[in-house]
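Please look over the model shown here. The paragraphs below go through part of it step by step.

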Amino acid sequence: MTATAVAAKTDAPLISLADFHILLADQHPFSLLLGIDVVHIGRGTARAVLPARDAHQRLGGIVAGPMLMGLADLAMYAAVVGATGQAHAVTASLTINFLRKSPAGAIYADARLLKVGRLSAGEVLLTGEGSDEPLAHIVSTWSVPKS
(Lines give C-alpha, C1' and ligand atoms only; values in the text may rest on other atoms or scores of the structure.)
Protein backbone atom coordinates (compact mmCIF):
# COMPACT_ATOMS: atom_id res chain seq x y z
CA MET A 1 0.00 0.00 0.00
CA THR A 2 1.36 3.44 -0.93
CA ALA A 3 1.85 6.19 1.65
CA THR A 4 -1.01 8.13 0.03
CA ALA A 5 -3.34 5.13 0.31
CA VAL A 6 -2.40 4.67 3.99
CA ALA A 7 -3.03 8.36 4.70
CA ALA A 8 -6.39 8.25 2.91
CA LYS A 9 -7.42 5.16 4.88
CA THR A 10 -6.30 6.75 8.17
CA ASP A 11 -8.40 9.86 7.47
CA ALA A 12 -11.50 7.82 6.67
CA PRO A 13 -14.30 8.02 9.25
CA LEU A 14 -14.81 4.99 11.49
CA ILE A 15 -18.46 4.82 10.37
CA SER A 16 -19.89 5.28 6.90
CA LEU A 17 -22.55 7.89 6.25
CA ALA A 18 -25.02 5.12 5.36
CA ASP A 19 -24.31 3.23 8.62
CA PHE A 20 -24.62 6.47 10.59
CA HIS A 21 -28.08 7.05 9.10
CA ILE A 22 -29.07 3.52 10.19
CA LEU A 23 -27.71 4.26 13.69
CA LEU A 24 -29.83 7.42 13.88
CA ALA A 25 -32.99 5.66 12.74
CA ASP A 26 -32.47 2.82 15.22
CA GLN A 27 -31.22 4.69 18.29
CA HIS A 28 -31.82 8.44 17.88
CA PRO A 29 -35.27 9.00 16.38
CA PHE A 30 -35.40 12.63 17.54
CA SER A 31 -33.19 13.52 14.57
CA LEU A 32 -35.88 12.18 12.25
CA LEU A 33 -38.55 14.20 14.06
CA LEU A 34 -36.58 17.40 13.52
CA GLY A 35 -35.75 16.38 9.96
CA ILE A 36 -32.00 16.84 10.48
CA ASP A 37 -29.96 15.37 7.66
CA VAL A 38 -26.32 14.48 8.29
CA VAL A 39 -24.81 14.98 4.85
CA HIS A 40 -21.11 14.42 5.60
CA ILE A 41 -19.02 12.51 8.14
CA GLY A 42 -15.26 12.66 8.28
CA ARG A 43 -12.81 11.52 10.91
CA GLY A 44 -13.65 14.21 13.45
CA THR A 45 -15.77 16.39 11.16
CA ALA A 46 -19.40 16.42 10.13
CA ARG A 47 -22.00 18.52 8.37
CA ALA A 48 -25.70 18.43 9.17
CA VAL A 49 -28.65 20.39 7.83
CA LEU A 50 -31.83 21.47 9.61
CA PRO A 51 -34.43 21.97 6.87
CA ALA A 52 -36.67 25.01 6.66
CA ARG A 53 -39.91 24.18 8.47
CA ASP A 54 -42.53 26.40 10.04
CA ALA A 55 -42.47 24.10 13.08
CA HIS A 56 -38.82 25.09 13.74
CA GLN A 57 -39.69 28.78 14.07
CA ARG A 58 -40.64 30.87 17.05
CA LEU A 59 -42.32 34.27 17.17
CA GLY A 60 -40.83 36.68 14.67
CA GLY A 61 -40.07 33.97 12.10
CA ILE A 62 -36.66 33.03 13.46
CA VAL A 63 -35.46 29.47 14.01
CA ALA A 64 -35.92 28.56 17.69
CA GLY A 65 -32.87 28.06 19.91
CA PRO A 66 -33.74 24.47 20.91
CA MET A 67 -33.77 23.49 17.22
CA LEU A 68 -30.32 25.02 16.76
CA MET A 69 -28.99 23.27 19.86
CA GLY A 70 -30.34 19.93 18.66
CA LEU A 71 -28.75 20.46 15.26
CA ALA A 72 -25.36 21.34 16.78
CA ASP A 73 -25.47 18.40 19.18
CA LEU A 74 -26.25 15.94 16.41
CA ALA A 75 -23.51 17.33 14.14
CA MET A 76 -20.98 16.98 16.95
CA TYR A 77 -22.20 13.43 17.68
CA ALA A 78 -21.54 12.55 14.02
CA ALA A 79 -18.03 14.00 14.24
CA VAL A 80 -17.33 12.05 17.46
CA VAL A 81 -18.60 8.76 16.05
CA GLY A 82 -16.67 9.40 12.85
CA ALA A 83 -13.46 9.85 14.84
CA THR A 84 -13.92 7.17 17.51
CA GLY A 85 -16.36 4.65 16.08
CA GLN A 86 -18.05 4.75 19.48
CA ALA A 87 -21.84 5.10 19.07
CA HIS A 88 -22.36 5.20 22.86
CA ALA A 89 -20.60 8.56 23.26
CA VAL A 90 -22.69 11.13 25.15
CA THR A 91 -22.66 14.90 25.49
CA ALA A 92 -20.82 16.06 28.62
CA SER A 93 -21.32 19.78 27.96
CA LEU A 94 -22.65 22.09 25.29
CA THR A 95 -22.38 25.87 25.28
CA ILE A 96 -24.02 27.87 22.54
CA ASN A 97 -23.38 31.50 21.70
CA PHE A 98 -26.16 32.96 19.57
CA LEU A 99 -24.52 35.57 17.36
CA ARG A 100 -27.47 36.80 15.31
CA LYS A 101 -31.07 35.92 14.47
CA SER A 102 -31.49 32.72 12.51
CA PRO A 103 -33.76 33.62 9.62
CA ALA A 104 -36.26 31.14 8.26
CA GLY A 105 -34.59 28.71 5.89
CA ALA A 106 -32.22 25.78 6.13
CA ILE A 107 -29.50 25.95 8.79
CA TYR A 108 -26.13 24.26 8.32
CA ALA A 109 -23.97 22.88 11.13
CA ASP A 110 -20.27 22.29 10.51
CA ALA A 111 -18.65 20.36 13.36
CA ARG A 112 -15.00 19.63 13.99
CA LEU A 113 -13.22 17.95 16.85
CA LEU A 114 -10.28 19.71 18.45
CA LYS A 115 -9.39 16.79 20.75
CA VAL A 116 -10.20 13.10 20.42
CA GLY A 117 -10.05 10.79 23.42
CA ARG A 118 -12.09 9.56 26.38
CA LEU A 119 -13.15 13.19 26.71
CA SER A 120 -13.46 14.59 23.20
CA ALA A 121 -13.96 18.29 22.54
CA GLY A 122 -14.91 20.36 19.54
CA GLU A 123 -16.86 23.19 18.05
CA VAL A 124 -19.75 23.72 15.68
CA LEU A 125 -20.46 26.72 13.51
CA LEU A 126 -24.04 27.33 12.35
CA THR A 127 -24.78 29.26 9.16
CA GLY A 128 -27.98 30.00 7.31
CA GLU A 129 -28.97 29.14 3.79
CA GLY A 130 -27.27 31.44 1.30
CA SER A 131 -24.89 33.07 3.80
CA ASP A 132 -21.49 32.40 5.34
CA GLU A 133 -22.27 34.72 8.26
CA PRO A 134 -22.15 32.68 11.49
CA LEU A 135 -25.46 32.46 13.34
CA ALA A 136 -24.12 30.62 16.38
CA HIS A 137 -20.89 29.17 17.74
CA ILE A 138 -21.06 26.04 19.88
CA VAL A 139 -18.39 24.43 22.07
CA SER A 140 -19.06 20.88 23.22
CA THR A 141 -17.34 18.06 25.10
CA TRP A 142 -18.22 14.39 24.85
CA SER A 143 -17.67 11.42 27.11
CA VAL A 144 -16.49 8.49 25.00
CA PRO A 145 -16.71 5.07 26.68
CA LYS A 146 -13.84 2.60 26.43
CA SER A 147 -14.10 0.26 23.48
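Gln86 is buried, at 12% relative accessible area; buried means under 20%, exposed over 50%, and partly exposed in between, with a 1.4 Å probe and protein chains only. The model is predicted, so local features need pLDDT of at least 70 and side-chain atom pairs count only at pLDDT 80 or more, while totals for chains, interfaces and linings use all residues. Residues are numbered from 1 along each chain as its sequence is written, and side-chain values use heavy atoms, with hydrogens and water left out.

Gln86 sits in the loop that runs from helix 4 (65–84) to strand 3 (90–98). Helices (H or I, at least four residues) and strands (E, at least two) are DSSP runs, numbered from the N terminus. Apart from neighbours within four places in sequence, Gln86 contacts Val81, Val144, Pro145, Lys146 and Ser147, where contact means heavy atoms within 4.5 Å.

From first C-alpha to last, helix 4 reaches 28 Å, close to the 28 Å expected at 1.5 Å a residue; the expected span is 1.5 Å times one less than the number of residues.

The loop between strand 2 (45–50) and helix 4 holds Gln57. Gln57 is partly exposed, with a relative accessible area of 28%. Leaving aside neighbours within four places in sequence, its contacts are Ile62, Val63, Ala64 and Ala104.
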